Amino acid sequence: RNIVILISGGGSNMAAIVRTAQQENWEQRYGARVAAVLSNQADAAGLLLAREQGIATGALDHRAFASREAFDAALAAAIDRHQPALVLLAGFMRILTPDFVARYAGRLINIHPSLLPAFTGLHTHQRAIDAGCRFAGATVHQVTAALDAGPILDQAVVPVLPGDTAQTLAARVLSQEHLLYPRAVRALVRAL
Ligand code: GRF
């Protein structure tokens, strides 16, 4: 049961999943492994992390493709080489075409740094602070064609503290993401 993880940057969520899979022996217990980490940014630091763990990596520069459809088709081809049971978006900063989403329907998962359905899209922490929210958090959800709107699988909540900036709140949420995403993926892997 192969898992493919898509990243665009630091890949801390990917790293948390890889570490959890190793520590909990997912391969032996569930027959599941992270087969590849792919990115739309060739210089994504997470690619180095994955390579250090002996995981196959790939990068497709979206700027090298004439259209969103062409990029998504090339990305799907790279993903399908690993015949994934699960495709995880982890800090993957691309909007995917409906055809791509349909191709992986039911096995395409994302983590979003807000308590969906609140604050879909970008700059979620600043928006939560500006709105006067007392709580914020992250959501793991199934990916559908509508941005950040698929069925919710799990969530983590953190307090918004007086004096919080987007940066301090983001750090508090991110640390919870690193517990939430591996927990949600474990539940999915056990159900495969
Ligand atoms: C972070 O903002 C996180 O909240 C969101 O994607 C961004 C980068 O995450 N999920 P990562 O460190 O690349 O996993």
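In which loop does Gln83 lie? I looked this up first in the predicted model. Gln83 belongs to the loop between helix H4 (68-80) and S4. I noted its phi near 45 degrees, a positive value in a residue other than glycine.

**Entry: confidence**

I recorded the predictor's scores before going further. The protein chain has a mean pLDDT of 97, and 100% of its residues reach 70 or more. For the complex, the predictor gives an ipTM of 0.97 and a pTM of 0.97.

**Entry: the sheet**

I then traced the strands. Seven of them form an open sheet with mixed pairing, in the order S3-S2-S1-S4-S5-S6-S7. Strand S3 (56-59) and strand S7 (152-159) stand at the edges; each has a single partner strand, so one side of each is left without a neighbour in the sheet. From one strand to the next, the twist averages 20 degrees.

I examined one pairing in detail. Strand S4 (residues 84-89) pairs with S5 in the parallel sense, over three bridges. For Leu88, I found the bridge partner in S5 to be Ile109.

I also checked what lies across the sheet strands. Helix H3 (residues 45-52) lies across strand S1 (2-7), S2 and S3. Relative to S3, helix H3 runs at about 160 degrees.

**Entry: a cis peptide bond**

I looked up the backbone at Pro117. The peptide bond from Leu116 to Pro117 is cis, and its omega is near 5 degrees. Pro117 is placed in the loop between S5 and H6.

**Entry: the largest pocket**

I asked how much space lies in the largest pocket. The value is about 810 Å³. Its lining comprises 35 residues, of which Phe92, Met93, Asn110, His112 and Leu122 are the closest to the pocket centre. I listed the elements that give two or more residues to this lining: helix H1 (12-23), helix H5 (98-103), strand S5 (108-112), helix H6 (124-130) and helix H7 (166-191). By class, I recorded 17 nonpolar, 15 polar and three charged residues in the lining of the largest pocket.

**Entry: the second largest pocket**

I repeated the look-up for the second largest pocket, which holds about 240 Å³ of space. Of its 15 lining residues, the closest to the centre are Ala21, Gln22, Glu27, Arg33 and Val34. At least two residues of this lining come from each of H1, helix H2 (26-30) and strand S2 (33-39). The lining of the second largest pocket divides into eight nonpolar, five polar and two charged residues.

Definitions and conventions
Residues are numbered from 1 along each chain as its sequence is written. This is a predicted model: local features need pLDDT of at least 70, side-chain atom pairs count only at pLDDT 80 or more; totals for chains, interfaces and linings use all residues. Side-chain values use heavy atoms; hydrogens and water are left out. On a 1 Å grid over the protein atoms alone, a cavity is a set of points where a 1.4 Å probe fits but cannot get out, and a pocket is an open set with protein on both sides within 12 Å along at least five of seven lines; lining residues have an atom within 4 Å of a point. Grid points are joined across faces, edges and corners, and a volume is the space filled by probe spheres set on the points. Helices (H or I, at least four residues) and strands (E, at least two) are DSSP runs, numbered from the N terminus. Ala, Val, Leu, Ile, Met, Phe, Trp, Tyr, Cys and Pro count as nonpolar, Asp, Glu, Lys and Arg as charged, and the others, Gly among them, as polar. Two strands pair if DSSP finds at least two bridges between them. Axes are lines fitted to C-alpha atoms, for helices over the stretch in contact, and angles run from 0 to 180 degrees between N-to-C directions. Contact means heavy atoms within 4.5 Å. pLDDT is the predictor's confidence in each residue, from 0 to 100.
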